[in-house]
Amino acid sequence: MSGDGARTGAQIVWDVLAREGVEVVFGYPGGAIMPVYDAMLSSTVRHVLVRHEQGAAHMADGYARASGKVGVALATSGPGATNLVTGIATAMLDSSPIVCITGQVSSPLLGSDAFQETDITGVTIPITKHNYLVSRASDIGPTLREAFEVARSGRPGPVLVDITKDAQQASASFDWDAWKPRIRNVPTRLMDPDEALARAIAMIDAAERPLIFAGQGVVHSKATEALIALAEKTGIPVASTLLGLGGFPASHPLALGMMGMHGEAWVNAAIQRADLLVAIGMRFDDRVTGNLRTYAVHAKKIHVEIDPAEINKNVKVDVPLLMDAREATTQILARVTRRHRQPWLDSIEHAKHEASPRDIQRQPADGRLLAAHVMKDLCALSAQDAIVVTDVGQHQMWEAQYWKHESPRTLVTSGGLGTMGFALPAAIGARFAHPEREIWVIAGDGGFQMTACELSTIAQEGIKLYIAIINNGYLGMVRQWQELFYERRYAATPIRSPDFVKLAEAHDLRGIRVSTREGIPRALEEARRSPGTVVFDFRVEAEECVYPMVPAGADLKDMIRRPMSEQQEQEPQFEMEE
Amino acid sequence: MSTATVRTFLAYLEDKPGVLNRVTSLFRRRSFNIESLTVGRTERPDVSRMTLVVRADDDAARRLEAHLWKLVNVLQVDEVSNAPAIVRELALVKVRAPEGVRAAVMQLCEVFRARVVDVSPDALSIEITGAPDKVDGLLEMLRVYGVVEMVRTGTVAMRRGQGGVEGVISERPGAAPVAA
């Protein structure tokens, strides 16, 4: 490939993909991408035919999140390209490295409103890290190489490469080694890194009530080991963002669980009482902070972040550390003082105990099936290294609360964009990253139906997934908001679904309905005996709410707590300190 | 926190189609308020240069710069707000100037070192180049006579001293030849 033999632009596409180590491409053919598809027949890279291009982008994303490598999606021009948009935006908000390759009408037709022409580079400017329109065969190789580099470097993200049909058909030579990544020496006006590090260490040493926040940056930079060591050396407990779950083992004594809107009560309470936050690889999303004016006002803040544009965006910080999360964690670890913070840990432990009567896990099922119980049981019954891919809504939050993730990349979920329909295709992507591991899809009855067409893809590819549909007959999270903030006016939230068991069977997949808690282990045994994908229709309690809940924009301390039974009400109450 | 002031940035960009679109898209999406934006060629055929004037406090300015750096086609960003720099703008002003007041208008032009570039029976067209506040000053005076039409180019700026683009941009741009 490094050399003389002229190849068509379409062949060069596959040459680059193969040499980049791409194992699988998720795509859908069409007029403007046909030369690339034709050349695919002589490539070793596997192709997965999706049922809708949104699925292709989510699969590439799911592959990327499960593997840490760049995921690739392929689509034609016009509607093929625009169908990718939701998936690209999802990858953008969650910093997931994917490369989307789209066919474009031939260059003489550009701008003429030709059949299936869309200005997809124009459309995707705000939702890609970068994008390219390529109209010469000789540019395809270097551009694709740069696209992979842009997608995975720094803060990762999606890149789109739009290639005109004539460029795919024309011939060119391509020298792999001639391309060199560009290095820009980007200055920042932030605090000098050495000074920042020294200050951060002094602040950590001095803090009496510190918290470490683990964001997705911990996962991206493989900082888990260093983070465990740092937490243990300093005795500082670790709270996680949604995308940070798994970055710090849930069973570790210093693991607190998730923060934010549906975070644990003791975590949010601790944040409001903390005197120092050490935020690592996270971006202080509004779902994490609630009202910014009252957020962690007693705490100094250290922000470890690779993207300078995130510093002081939402929360003003005292010390910015513009670094890779693992590098920063390692450097802090080396110089920080070993100490204990038992009174602080005890007070958090106290809050945990006070919160426990409200825990839905302690409430009797009374013959009903509660989604939160399903999560807990599935977590207990599944493989330790299982990958869980969740959709968006109540089930996603219950999963985050009750599925204990012990290692990075065991939870794949759409956080920033909150894309319903993400789970099923993303799990298909994850399957190609990990052919052997147990993979669970957790989706609501609403979100599942958004991309349910990908069941056909599963059947065609012959892959095995466990698909748990948490079926409550409502768009549950919106219904919860209606219950709490719109006086139970259930506008457009009741949803009727097909018979999911029959739907599975229509795809030659196994379907199992579960309506009681006792039925869960039996269903799982049955599923394990089944060679292919199994769809579980969990018929859960219709009107259940996720607690605690910090209403959007409210103070973190103003959590709505799960109501307790009359008997529990008699017992002394825990009042949250400010 | 500092208060918002007018700030001037120079951005060196790869000269490729769509680059201006990326920059304006960034400003729109992040709600930065552009006072003026000009873009043009430089002495290097593959590099174009943008002068951006925005109103921002210290932190917003820093984040704006960080966002500009995130654009792959941006080669260099330089804030010259507080640096020794030549800052210029050009304006064309058509002002009502019948017989009786024409001499007074022309005298004003002389004071501001503006040039009369077109004359018609009732109007003069004036070209002025200078720092934006000088242009403001002339416009303020001309308003009395009646401004018929006016256009300003927006600010361009250059650091004083001997450094040039080559000195600022150390590496060759354009690893991938075509970027939309």
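What follows is a chat about a predicted model with chains A and B.

Colleague: Before we start, what are the ground rules on numbering and confidence?

Modeller: Residues count from 1 along each chain as its sequence is written, and chains are lettered from A, ligands numbered from 1, in the order in which they are written. It's a predicted model, where local features need pLDDT of at least 70 and side-chain atom pairs count only at pLDDT 80 or more, while totals for chains, interfaces and linings use all residues.

Colleague: OK. How is chain A divided?

Modeller: Into domain 1 (7-178), domain 2 (193-355) and domain 3 (359-539); the bounds come from an automatic or database domain assignment.

Colleague: How many residues of domain 2 of chain A are in contact with domain 3 of chain A?

Modeller: 14 residues of domain 2 of chain A, and they meet 15 residues of domain 3 of chain A. Contact means that C-beta atoms, placed from the backbone, lie within 7 Å. The domain 2 side has eight nonpolar, five polar and one charged. For those classes, Ala, Val, Leu, Ile, Met, Phe, Trp, Tyr, Cys and Pro are nonpolar, Asp, Glu, Lys and Arg are charged, and the others, Gly among them, are polar. The centres of the two domains, taken over C-alpha atoms, are 30 Å apart.

Colleague: Switching to the sheet: what's the strand order?

Modeller: β11-β10-β9-β12-β13-β14 in chain A, an open sheet of six strands with parallel pairing. Strands here are DSSP E runs of at least two residues, helices are H or I runs of at least four, both numbered from the N terminus, and two strands pair if DSSP finds at least two bridges between them.

Colleague: Which strands are at the edges?

Modeller: β11 (255-258) and β14 (319-322) of chain A, each pairing on one side only. The twist averages 20° from one strand to the next. β13 (residues 300-305) and β14 of chain A share four bridges, and A:V304 stands opposite A:L321.

Colleague: Which helix lies across β12, β13 and β14 of chain A?

Modeller: α14 (residues 325-335) of chain A, running at about 140° to β12(A). Axes are lines fitted to C-alpha atoms, for helices over the stretch in contact, and angles run from 0 to 180 degrees between N-to-C directions.

Colleague: And how do α12 and α15 of chain A cross?

Modeller: At roughly 140°, with the axes of α12 (residues 265-273) and α15 (residues 342-355) coming within 9 Å. A:A265, A:W266, A:A269 and A:A270 of α12(A) meet A:I348, A:A351, A:K352 and A:A355 of α15(A). That contact has seven nonpolar residues, no polar and one charged.

Colleague: New topic: is A:L160 buried or exposed?

Modeller: Buried, because 31 other C-beta atoms lie within 10 Å; buried takes 20 or more, exposed 12 or fewer, partly exposed is in between, with C-beta atoms placed from the backbone. A:L160 is in β7 (residues 159-164) of chain A. Beyond four places in sequence, its contacts include A:I88, A:C100 and A:I120.

Colleague: Why is α1 of chain A called largely enclosed?

Modeller: Because nine of the 11 residues of α1(A) (residues 9-19) are buried, among them A:I12, A:V13 and A:W14. Just after α1(A), A:G21 takes a positive phi of about 85°.

Colleague: Last one: how many residues of chain B are in contact with chain A?

Modeller: 20 residues of chain B, meeting 25 residues of chain A. The largest share of the chain B side, seven residues, comes from α2(B). By class, that side has nine nonpolar, four polar and seven charged residues.

How values were computed. Contact = placed C-beta atoms within 7 Å.
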